[in-house]
Amino acid sequence: MKAPKGTYDVLPDQQAARDRVASAAKRVLEGAGYRRIETPTFEATELFARGVGASTDIVQKEMYTFDDGGGRSITLRPEGTAPVCRAYLEHGMHKLPQPVKLWYLSSFYRKEKPQAGRYRQFWQVGAEAIGSDDPAVDAESIVLLQTLLDELGVEDVRLRISSLGSPESRVRYRERLTAYLRAHEGELSKEVRDRIDLNPLRAFDSDHPGTKAVMRDAPRLLDALDADDAEHFREVRELLDRAEVAYEVDTTLVRGLDYYTRTVFEFTSDRLGAQSGVGGGGRYDGLIEQLGGKPTPGTGWAAGIERMLLAAGDERTAEPPVDLYVAFDGVEQRAAAFGVSLDARRAGMTAQMELAGRSLKGQRKHADRIGARWLAVVRADGATLRDMQTGEEVDVPPEGIVARALREGGRG
Ligand code: AMP
């Protein structure tokens, strides 16, 4: 039997790298006042239909949706923002000082075509700041993700930012772009022509030479922003400049979720192949209202753990250090050895005892292989303690082993 397509096991050797991500995320985000939240693995399907947007790829074809047996439609969470906003509303967090800053580290589920860096169950670190439309929230949130990527050693990172403005200016812009594309229909690829009404923005991604030439002069969303939105974006950029964050304004940046307004951003790494996105997010000022709350602004991002580790050169780690290995000579000594290993752990050492019935010679070899700092051998007439670094061996009663090892010093 194998794990389902697009899923994977996190093996013991890979755990240390994950722990590193979790502790870096905690340090960076809690250092800025974010507090951790965990929401359920599944939610009412309605949350994502309303929150992520019924016309998005995620909702249209990527969700694991099922009946819970009681006639309720349930979906494995495909993303974290809508659940966090649901929790904000459900727990009346609007009564707390705003913005409420929350972070999470959870697994997410999307029925995508598996490939390198793209899975059906994957993990994200995410951060959401709900309740403020201050451009400093946007800039701070971008700087925090940049800091996390730096701390994790994610290499060859690039940041692209843009502003999507408001839903109203977007509708007006879409009409202008559609009219522009219609006026140049003859020069466009068939694929783009067929999708003019469905998704005119996709024309910016086309590799077709004729389409590319047309798109060079196409109207840009950034030029169509309302004065307030344009000013907000200017302030975000000014703060990023002040923080000396390098970025590129990319007027074609669109993200796959409907809820974004104003600032959007994406970090990519040239270390990764086709799936180069390591993390991204933006502002979602309409989402809370969409979920039934009062109009409440919000900003957030999510970064993929697998992609961050891939782009950081995910090195496998050795087994955990062993302070003391407790060997014994003959099964009659097993209980005494067991007691020594318990005492050692109680005293704060890492300790393992022989559990595989090896010969005494085999036990010595094993202690060496796992890199134990001390080897105790419990015998009928006492015990010895061996310093595995110097090879020095002393006689000690079994009950004196732990104290002696502690006195002589820890892991060199
Ligand atoms: P999104 O929620 O689509 O904006 O994704 C945010 C980040 O999550 C991306 O930049 C990726 O790092 C990661 N991610 C998204 N989808 C997947 C997936 N199917 N497998 C692995 N990582 C993913």
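1. A definition to start: buried means under 20% relative accessible area, exposed means over 50%, and partly exposed lies in between (1.4 Å probe, protein chains only). By that scale Asp 270 is partly exposed, at a relative accessible area of 45%.

2. A word on the source: this is a predicted model, where local features need pLDDT of at least 70 and side-chain atom pairs count only at pLDDT 80 or more, while totals for chains, interfaces and linings use all residues. Residues are numbered from 1 along each chain as its sequence is written, and side-chain values use heavy atoms, leaving out hydrogens and water.

3. Now the salt bridges (a side-chain nitrogen of Lys or Arg within 4 Å of a carboxyl oxygen of Asp or Glu). The whole structure holds 31 of these salt bridges.

4. Have a look at Asp 270 again: its salt bridge partner is Arg 158, with the closest N and O atoms 3.0 Å apart. Arg 158 sits in strand S7 (residues 157-163) and Asp 270 in the loop between strands S9 (261-269) and S10 (277-283), so the pair ties together parts 112 residues apart in sequence. Strands (E, at least two residues) and helices (H or I, at least four) are DSSP runs, numbered from the N terminus. Arg 158 is partly exposed, at 43% relative accessibility.

5. Glu 266 and Arg 160 also form a salt bridge, 3.0 Å from N to O. Glu 266 belongs to strand S9 and Arg 160 to strand S7, so this pair links parts 106 residues apart in sequence. Glu 266 is partly exposed at 21%.

6. Finally, Asp 343 and Arg 346 meet in a salt bridge of 3.1 Å, N to O. Both lie in helix H12 (residues 334-346), three residues apart, about one turn of the helix.
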